[in-house]
Each structure stands twice: as C-alpha cells, then as structure tokens.
Amino acid sequence: MTMIRAALRPVDETDRDRLLTWRNDPTVAAFMYSDHPIGRAEHDRWFDALPANTRRRDWIVEADGRPAGLNSLVDIDRDQGRATVARYLAPDAPRGAGLGGFAEFKMIDHAFGPMGLRKLWAEVLASNEVAWTLHMTHGFQREALFRAHVVKGGLPRDVIGLGLLAEDWVERRPAARARLLGKGFSVEALDAPLV
Ligand SMILES: CC(C)(COP(=O)(O)OP(=O)(O)OC[C@H]1O[C@@H](n2cnc3c(N)ncnc32)[C@H](O)[C@@H]1OP(=O)(O)O)[C@@H](O)C(=O)NCCC(=O)NCCS
C-alpha cells in the first residue's frame, strides 16, 4: 500500500494560478455545474473576493507536500447552522487512494467541531457515482433528486442532494476514521485541527 502524507491548508496567493488551471481541466470541469471555460479576469475576480467572503472557506488538499486538490465549504449559513461541501482533486493527483475521503473526514470534523454547524449538504451530478458514494460512506443520506437540474454538454442532467447531520457523524466517525487509518493515513494527520 502506498501511503500518502496528506493535509489540508488554507488557500493562499500561491494558489491563484493553479486553481484556474485545475478548474478548467476536463477531468475537473466535467463534474462542476458550470460548463464554460473560465477566463483569467473571471477567475481573478473570484479569487480576489475569497478573503472577504464569510460565506465560504477554502482549503488546499496536499499530498506528500504537493497541492492536490481544492476542498471548500460554501453557502455557510450561521443562522441555519448549515453549509455545503464542494471539492475536486487536481488532474495529476492520485485517484482512489483515499485523498477525497481524507478531505471529507477533515472537513466534517471541522464543520461540526470548531465551526459549530449542525448540517452539511452536498449536490452531486447523479452520474458522478464516485462522489456521491464517497459522501454516503461518510454518513450522508440521499435527501433529494433534482431532475434535469443542470445543463452539461448541452444536455439536462439529474443532480442528487445529500445531507449529513452532526448527530449522524457522531455515530459514523469511528468507522470513517478506522477506514482512513487502514488506507495508511496517520493518526496525526487525521486528528490535526484545521486552520
Ligand atoms: C470525487 C473525488 C474527490 C474522489 O476522490 P478520491 O481520492 O478518488 O476518493 P477516495 O479514494 O477517497 O474514495 C473513492 C471511493 O470510490 C471508489 N472508486 C471506484 N472507482 C473509482 C474511480 N474511478 N476513482 C476513484 N475512486 C473510485 C474507491 O475505491 C473508493 O471507495 P472505498 O472507500 O470503498 O475504497 C475525485 O474523484 C474527484 O476529484 N473527482 C472530480 C471532481 C468531482 O467529482 N468532485 C465532486 C463534485 S460534487
């Protein structure tokens, strides 16, 4: 088993260009809602607005010290105690090696721990089985089917909505943690608080 040294760190200025490259890569863009190639100016506007946006938090997933993906909490609603999870791995990041699960674990712990949220939400293209299975492995339940919800490649596509409650996570966390330890992630990496 190849062991990945993984961590999450806040997005910083050094990530500006790589995020644009990643987001436009077909291996990432295919799974996002919007279908158009993102230009420099649109990206810079988005990136420049991140620090002041209290409704989202973004972390870079690192694998063996190299940036390997973007992991975000968006639509953070403090009144409702809810946020939406979003993530993708970089085009050259290892797939199926547990990085996505590692990021899911860390983000859920942070959301229900220090952030004090009570519900996480995710929307995934119905065809993206890897992504919704990953959420369900961590205790998300399928709560919605949005029919013909987004247009991708000129065709309307179904979207699945999944929710995880803080009390579900209390039950599911030990198994999720054991699973990631079994995939070679360290206790230190799993338990380190997010900044
Ligand atoms: C979804 C995504 C984050 C998953 O990351 P990952 O590191 O490959 O996922 P993991 O290895 O943690 O877990 C994936 C699970 O699906 C399984 N799997 C099956 N086919 C797979 C495939 N082609 N690629 C990756 N995993 C696959 C893995 O075995 C694993 O199952 P397990 O926990 O039972 O072992 C990543 O594939 C990705 O960035 N996709 C493109 C963007 C995207 O779809 N984002 C989500 C949009 S809502």
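How far is an oxygen atom of the ligand from a polar backbone atom of glycine 101? In this predicted model, the separation between the ligand oxygen and the polar backbone atom of glycine 101 is 2.8 Å. Glycine 100 takes part as well, with a backbone N or O atom 2.8 Å from an oxygen atom of the ligand. A side chain also contributes: an N or O atom of asparagine 128 is found 2.6 Å from a ligand oxygen. Of the 910 Å² of accessible area that the ligand has on its own, the protein covers 72%. The ligand is surrounded by 20 residues, and the closest are Leu89, Gly96, Gly98, Asn128 and Arg179.

The largest nonpolar core has 47 residues, among which Leu73, Leu99, Phe102, Leu120 and Phe140 touch the most other members. Helix 4, spanning residues 99-112, supplies the largest share of this core, with eight residues. Beyond residues up to four places away in sequence, leucine 99 touches Ile4, Ala6, Val61, Glu62, Ala63, Ala68, Leu89, Ala93, Pro94 and Phe185.

Helix 4 also holds histidine 110. Histidine 110 counts as buried because its relative accessibility is 8%, below the 20% cut-off. Its contacts, leaving aside neighbours within four places in sequence, are Arg57, Trp59, Met115 and Leu194.

Proline 51 sits in the loop that links helix 3 (40-49) to strand 2 (57-63). With a relative accessible area of 73%, proline 51 is exposed, because the value passes the 50% cut-off. Although proline 51 and valine 11 are 40 residues apart along the chain, their C-alpha atoms are separated by 9.4 Å.

Helix 1 (residues 16-24) shows how burial can be arranged around a helix axis. Its buried residues are Arg16, Leu19, Leu20, Trp22 and Arg23. These residues lie on the same side of helix 1 because they cover an arc of only 165° around the axis.

How values were computed: Residues are numbered from 1 along each chain as its sequence is written. This is a predicted model: local features need pLDDT of at least 70, side-chain atom pairs count only at pLDDT 80 or more; totals for chains, interfaces and linings use all residues. Side-chain values use heavy atoms; hydrogens and water are left out. A nonpolar core is a set of buried Ala, Val, Leu, Ile, Met, Phe, Trp, Tyr and Cys residues joined through side-chain atoms within 4.5 Å. Buried means under 20% relative accessible area, exposed over 50%, partly exposed in between (1.4 Å probe, protein chains only). Helices (H or I, at least four residues) and strands (E, at least two) are DSSP runs, numbered from the N terminus. Contact means heavy atoms within 4.5 Å. The arc is that of the directions from the helix axis to the C-beta atoms. A residue is near a molecule or strand if one of its heavy atoms lies within 4 Å of it. A polar contact is a pair of N or O atoms within 3.5 Å; within protein, one must be able to donate a hydrogen and the other to accept it, and residues adjacent in sequence count only if both atoms are side-chain atoms. Accessible areas come from the Shrake-Rupley method with a 1.4 Å probe; for residues, only the protein chains shown count as cover.
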